[in-house]
Amino acid sequence: QLQLVESGGGLVQPGGSLRLSCAYSGSNLDYYAIAWFRQAPGKEREGVSCFSNSDGGKYYADSVKGRFSISRDNARNTVALQMNSLNVDDTAVYYCAATPAPSPILSRLCIKPSDFSSWGQGTQVTVSS
């Protein structure tokens, strides 16, 4: 059974950077899509970034393009989200998620939390001065 564990959240000042990590076990994630979602208080869960293990494709929400970067480290069984130029609107609980997706259209898949079958517990990111 696939298990996902996030780490790396914390408090950072506006303009700062954080690197989130999602450690996975129980599967090698072949033909999976791996995503980072976030949920701020009172808001719906939104897709931030997504990676396809099937074709190497990547997706980023407009709000994070040019600032966030998703990557996979096969040797360490982790998926990372590098977050730069953080602002207060990035404050949220960030979740790692994965689902089998042999031929994903990431722009459709990665905005639908209900389509993801495995989830981590989340890690809090707070951007504040």
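## Gly66 and its loop

In which loop is Gly66 found? In this predicted model, Gly66 belongs to the loop between β6 (58–60) and β7 (68–73). The residue has a relative accessibility of 82% and therefore counts as exposed, the cut-off for that class being over 50%.

## The open sheet

An open sheet is formed by 4 strands in the order β1-β3-β8-β7, and their pairing is antiparallel. β1 (3–7) and β7 stand at the edges of this sheet; each has a single partner strand, so one side of each is left without a neighbour in the sheet. From one strand to the next, the twist averages 15 degrees.

β1 and strand β3 (residues 18–25) run antiparallel and are joined by 5 bridges. Leu4 stands opposite Tyr24, a residue of β3.

The whole structure contains 4 aromatic pairs. In one of them, the ring centres of Phe37 and Phe116 are 5.2 Å apart and the ring planes lie at 75 degrees, so the arrangement is edge-to-face. Phe37 is located in strand β4 (residues 32–39), whereas Phe116 is in the loop between α1 (106–109) and β10 (118–119); the pair therefore ties together parts that are 79 residues apart in sequence. Both Phe37 and Phe116 are buried. Phe116 also forms an edge-to-face pair with Trp119, with 6.5 Å from centre to centre and 65 degrees between the planes.

What is the relative accessible area of Phe116? The value is 5%, and Phe116 is buried because the class requires under 20%. Trp119, by contrast, counts as partly exposed at 27% relative accessibility. Ring pairs join Phe37, Tyr95, Phe116 and Trp119 into a cluster.

## Salt bridges

Side chains of opposite charge can pair when their charged atoms come close. How many salt bridges does the structure hold? There are 6 salt bridges in the structure. One of them links Asp90 with Arg38, whose closest N and O atoms are 2.9 Å apart. Asp90 lies in the loop between β8 (78–83) and β9 (92–100), and Arg38 lies in strand β4, so this pair ties together parts that are 52 residues apart in sequence. Asp90 and Arg38 are both buried.

Are Lys65 and Asp62, which form a further salt bridge, buried or exposed? Lys65 is exposed, and Asp62 is exposed as well; the closest N and O atoms of this pair are 3.2 Å apart. Another salt bridge is formed by the side chains of Arg76 and Asp73, at 3.8 Å from N to O. Within this pair, Arg76 counts as exposed at 65% relative accessibility, and Asp73 counts as partly exposed at 29%. Elsewhere, salt bridges that share partners connect Arg38, Glu46, Arg67 and Asp90 into one network.

Terms used
Residues numbered from 1 in each chain as written. Predicted model: local features only at pLDDT ≥ 70, side-chain atom pairs only at ≥ 80, totals over all residues. Heavy atoms only, no water. Helix = DSSP H or I, 4+ residues; strand = E, 2+ residues; numbered from the N terminus. Buried < 20%, exposed > 50% of the residue type's maximum accessible area, 1.4 Å probe, protein only. Phe/Tyr/Trp six-rings, centres within 6.5 Å; stacked < 30°, edge-to-face > 60°. Pairing = 2+ DSSP bridges. Axes fitted to C-alpha atoms, helices over the stretch in contact; angles between N-to-C directions. Salt bridge = Lys/Arg side-chain N within 4 Å of Asp/Glu carboxyl O.
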